[in-house]
Amino acid sequence: MNSEKFRGVLTKDINNADIILTGYPLDKNASIGKGASLAPDHIRELSVMVPVLSKDGYLIDKVKLYDNLNIDVSNFELMQKETLNLYKTNKFNIFLGGDHSISIATERAFIDYAKSIKKTPVVIHIDAHPDICDVYEDNMYSHACPNKRSLDYGLKDENLIILGVRGFEEQEVNYFKLHPLIDVFKASDINSLGVNRLLSYIYSKYDKDEYVVHISYDIDANDPCFAPGTGTPEPFGLNNIDVINLITGLVSKLNVISLDLVEISPKLDVNDITSYLGIKSLYEIIYTLQVKKYGMA
């Protein structure tokens with residue numbers, strides 16, 4: 001068995017990379033279950049066990065991944081500055097959390113970068129929760145607040161779309177009433193619509209050259225039966241196939257330049273089910289990027 005992390009997809013030369021993966025081992029802003037700070041290193045270790053092929057058996061052999069290891073998460077200003085430097089490489093960036101508060105820094109960097117290249121930033125937030133609280137548990141940097149902070153930093157209501165929600169705070173419901181331009185598709189909406197119809201709607205809005213897109217993927221968007229290892233499990237969720245088809249559909253069609261994967265907690269997991277879901281999801285995304293750049297094998 002190959003003992004290398006991420007096996008053949010890894011490169012040690014950032015100049016040869018198509019994708020940069022950076023760990024954000026932060027979970028101090030999680031409100032219930034902790035442990036997401038362990039995810040970046042745990043996923044790296046488990047990746048040794050996973051062949052670098054898509055779920056349908058296609059080899060990932062053309063794109064290369066550079067592992068940027070973990071960054072300093074001692075404060076959001078440092079995280080934002082480091083993330084902005086990653087955007088300036090013009091590589092596809094994957095940010096591996098950590099709790100969802102890392103998106104306060106990564107999305108601020110995304111918004112700043114989009115403005116610097118004269119593009120309109122779009123955030124597609126896939127999550128069991130809206131994460132649009134102004135303050136939660138006396139903390140404006142809680143993992144329940146990243147979407148509100150991004151709006152504060154300049155993201156427009158009409159360029160935020162939230163998918164898979166089924167757990168709301170009252171302040172969030174009230175906020176949505178006052179901000180009807182924010183698209184919210186609950187898990188029940190997606191189950192009724194189907195992924196393809198939802199994708200068609202999103203394409204109609206954002207498949208234009210003026211936009212750049214960041215996808216924020218909280219593993220708790222998946223139902224807890226598929227992803228038990230997360231700090232805030234929420235029943236009545238989405239199945240794995242729908243979630244990955246949604247994400248790869250977005251990556252394949254839109255000008256997605258970055259993605260975060262957050263809220264995997266290895267210490268709360270069962271037989272590493274959730275961590276392996278994270279790894280396999282990353283490989284589906286990487287394979288989609290390979291097809292987008294090089295075409296089918």
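Leaving aside neighbours within four places in sequence, Val243 is in contact with Tyr217, Asn222 and Leu238. Contact here means heavy atoms within 4.5 Å. Val243 lies in helix α8, residues 240–253. Helices (H or I, at least four residues) and strands (E, at least two) are DSSP runs, numbered from the N terminus. Val243 counts as buried because its relative accessibility is 1%. Buried means under 20% relative accessible area, exposed over 50%, and partly exposed in between (1.4 Å probe, protein chains only). Val243 and Tyr217 are 26 residues apart along the chain, and their C-alpha atoms are separated by 9.4 Å.

The model is predicted: local features need pLDDT of at least 70, side-chain atom pairs count only at pLDDT 80 or more, and totals for chains, interfaces and linings use all residues. Residues are numbered from 1 along each chain as its sequence is written, and side-chain values use heavy atoms, with hydrogens and water left out.

The strands form an open sheet. Nine strands take part, in the order β1-β3-β2-β4-β9-β8-β5-β6-β7, with parallel pairing. Two strands pair if DSSP finds at least two bridges between them. The edge strands are β1 (10–11) and β7 (183–186), and each pairs on one side only. Helix α9 packs on the sheet. It touches β2 (19–24), β4 (92–97), β8 (211–218) and β9 (256–262). The direction of α9 makes about 175 degrees with that of β9. Axes are lines fitted to C-alpha atoms, for helices over the stretch in contact, and angles run from 0 to 180 degrees between N-to-C directions. Within the sheet, β5 (residues 120–126) and β6 (residues 160–165) pair in the parallel sense over four bridges. Val123 has Leu160 in β6 as its bridge partner.

The largest nonpolar core has 56 residues. A nonpolar core is a set of buried Ala, Val, Leu, Ile, Met, Phe, Trp, Tyr and Cys residues joined through side-chain atoms within 4.5 Å. The residues with the most contacts inside this core are Ile124, Ile126, Leu163, Ile202, Ile215 and Leu250. Helix α9 (residues 273–294) gives the largest share of the core, eight residues. A second, separate core has 34 residues, including Tyr24, Leu84, Leu151 and Val165. Beyond residues up to four places away in sequence, Ile126 touches Leu163, Ile215, Ser216, Tyr217, Asp218, Ala221, Leu246, Ile247 and Leu250.

Charged side chains were examined next. The structure holds 15 salt bridges. A salt bridge is a side-chain nitrogen of Lys or Arg within 4 Å of a carboxyl oxygen of Asp or Glu. One of them joins Asp56 and Lys55 (3.4 Å, N to O). Asp56 counts as exposed, at 55% relative accessibility, whereas Lys55 is partly exposed at 42%. Another joins Arg149 and Asp152, with the closest N and O atoms 2.9 Å apart. These two residues are three apart in helix α4 (residues 146–152), so about one helical turn separates them. Arg149 is buried, at 2% relative accessibility. Asp152 is partly exposed, at 44%. Lys205 and Asp183 also meet in a salt bridge (2.9 Å, N to O). This pair links distant parts of the chain. Lys205 is in helix α7 (residues 195–206) and Asp183 in strand β7, 22 residues apart. Asp183 counts as buried, at 14% relative accessibility. Salt bridges that share partners join Asp134, Lys148, Arg149 and Asp152 into one network.

The cysteines gave a plain result. A disulfide is a pair of cysteine sulfur atoms within 2.5 Å. By this rule the count is zero. Cys133 is in no disulfide, and the nearest cysteine sulfur, that of Cys145, is 5.6 Å away. Cys133 is buried, at 0% relative accessibility. Cys225, in contrast, is exposed at 56%.

Some features of the backbone remain. A cis peptide bond joins Gly97 and Gly98, with omega about 10 degrees. Gly98 is in the loop between β4 and α3 (102–116). Lys118 is a residue other than glycine with a positive phi, near 60 degrees. Lys118 is found in the loop between α3 and β5. Lys118 counts as exposed because its relative accessible area is 75%. Asp138 also has a positive phi, near 60 degrees. Its place is in the loop between β5 and α4. Asp138 is exposed, with a relative accessible area of 79%.
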